[in-house]
Amino acid sequence: MTTRRPRKAPNNEWWRGGVIYQIYPRSFQDSHGDGVGDLNGITQRLDYVKALGVDAIWLSPFFKSPMHDFGYDVSDYRAVDPIFGTLDDFRTLVDRAHALGLKVIIDQVLSHTSDEHPWFIESRQSRKNPKSDWYVWADAKPDGSPPNNWQSIFGGSAWRWDTRRMQYYLHNFLPSQPDLNFHNRKVQDALLADMRFWLELGVDGFRLDTVNFYFHSQTLHDNPPQSRRGKAIPEADRVNPYTWQRHLYDKTQPENLAFLKRLRALLDQFPDTTTVGEVGADNALEVIAQYTADGDKLHMAYSFDLLHEHHSAEYLHQVFGKFGRIVKDGWPSWAISNHDCPRIRTRWGGQQGGEAVARLAAAMQMTLRGSPCIYQGDELGLPEVELSFEQLQDPYGIRMWPEFKGRDGCRTPFPWKKRGTSAGFSDAPKTWLPIPPEHRELAVDQQTRNPDSMLNFYRNLLAWRKTHPALLKGRLKLLPADPQLLGYERRLDDDALLCVFNFSGKKARLPLPRGWADGLIDEGSGLTGAEIRRGALVLGPWSGAVLTRP
């Protein structure tokens, strides 16, 4: 007897070209006066998000958690942590967002749970109980050492000894974040049931944390060493032995494709829903190609290619060129910033261009083929915050200090007002992370009244983007690589744009390509510092231009 698959619900593909705004709940708005942001605070500020011009919000985890990794260690997938409010508060948030025309995407941390999750509490009790194999357990080597050489992202072995079972369990992150065993079908069923719970509450999709970490190789082979010759090594990677391996066996296993099909089949039962996966892998673009192919797995995915400090025109050309070659029918979600990396203004701008670089990066992001994701505060041009060791909260930074300071510098509370207690974020004089004076100068109330502010640049940029179908769903064709300039055409039917960005501190010149000799600079993008002279586009340092046909 065959089981009939449920009929697919309609999907209007709002996500294809839609702009997503990431909200880090701890740091957006505190309505309780305890110095920590919450769900009601987010609801109070949704008018601001709507006015920015985005299509959806993505909420970082707000589930019940001991908060060792600030919500990415879930102890109950169906409960709201009291720090953030209640399930009714979440329902109110969803209703208000939908009334404003905003979609709601929530984080799902499926690869691991908290060690305080009831599943793990039961699993660790013995080798023979109903959930004994819901997590990744393995015997020690004869000398008592861990089963293999796999490393934790947060430093040290990915294996933790448990005296109850006299076995090691796998944790790709903190020891308090044990990895689930996706080879067990019952684990998959339980997680999909938890996701159905949120879909029935009205969420419009999921951001899938570490989506390629779900399965491990049951062979438990050692990972081979990583060749690092000639590579530019990001700050965190230089001091973290996790990056010294090729991760052939601890993640990105072929079995994941079948699970992603099961997950997609669930989403397909709910109208107009979507998934966006976070892919962290040595060959991330190839993985994205696999995970988004054929319309039966993820709707879209993003990598870390734009989330480190590399941003030369040649580097960006290489990333987008490779993506275009290998990702045929998949759809990307381009992120230039999020809660895991330094602020774009500091990371790419540094001492060279600051806000000018941040504006250029935003314009590039909004003209790429794909669905952009904005991290809260980037629309204000917030720089990374320098914190002392005593101020750190992030376990990653505490472990890797001082060579790597962790992720707290991009997670500080959102500055709504220049003056007043805690910059309008909270009534509490002390917040979970400090708000620096330089962020108060960039507060929303200061930028709203300034037509030339970064905030109004973003608002105008997003409004202009919606007027061009080519930017929402058109194809992209790269211009030849150039040491200073990144350029590409966007086309859909009669709508054609030429987008050019000078990612250097020197003036640059581009002879206009064939068919663009009579092109005009479209000032609607908000970009400045370029002009057309004698058949060439001349751009000042850290400037860009979008050309349209007359």
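**Interface between domain 1 and domain 2**

Domain 1 and domain 2 bury about 2,000 Å² between them, and 73% of this area lies on carbon and sulfur atoms. The structure is a predicted model. In the domain assignment of the protein chain, domain 1 is made up of two segments, 20–112 and 185–466, while domain 2 covers 475–548. The centres of domain 1 and domain 2, taken over C-alpha atoms, are 30 Å apart. Domain 1 contributes 23 residues to the contact, and domain 2 contributes 26 residues.

On the side of domain 1, three residues stand out in the buried area. His317, Leu360 and Trp464 together supply 34% of the area that domain 1 buries against domain 2, which is more than any other three residues supply.

Between domain 1 and domain 2 the count of salt bridges is 0. Polar contacts, in comparison, are found across the interface in 7 residue pairs, with both residues at pLDDT 80 or more.

Three helices each supply at least two residues of the side of domain 1 that touches domain 2: α9 (313–326), α11 (355–367) and α15 (454–465). Of the elements on this side, α11 gives the most, with 7 residues. When the residues of domain 1 that touch domain 2 are sorted by class, 13 are nonpolar, 7 are polar and 3 are charged.

Conventions
Residues are numbered from 1 along each chain as its sequence is written. This is a predicted model: local features need pLDDT of at least 70, side-chain atom pairs count only at pLDDT 80 or more; totals for chains, interfaces and linings use all residues. Side-chain values use heavy atoms; hydrogens and water are left out. Domain bounds come from an automatic or database domain assignment. Contact means heavy atoms within 4.5 Å. Buried area is the accessible area (1.4 Å probe) that two parts lose on being put together, summed over both. A salt bridge is a side-chain nitrogen of Lys or Arg within 4 Å of a carboxyl oxygen of Asp or Glu. A polar contact is a pair of N or O atoms within 3.5 Å; within protein, one must be able to donate a hydrogen and the other to accept it, and residues adjacent in sequence count only if both atoms are side-chain atoms. Helices (H or I, at least four residues) and strands (E, at least two) are DSSP runs, numbered from the N terminus. Ala, Val, Leu, Ile, Met, Phe, Trp, Tyr, Cys and Pro count as nonpolar, Asp, Glu, Lys and Arg as charged, and the others, Gly among them, as polar.
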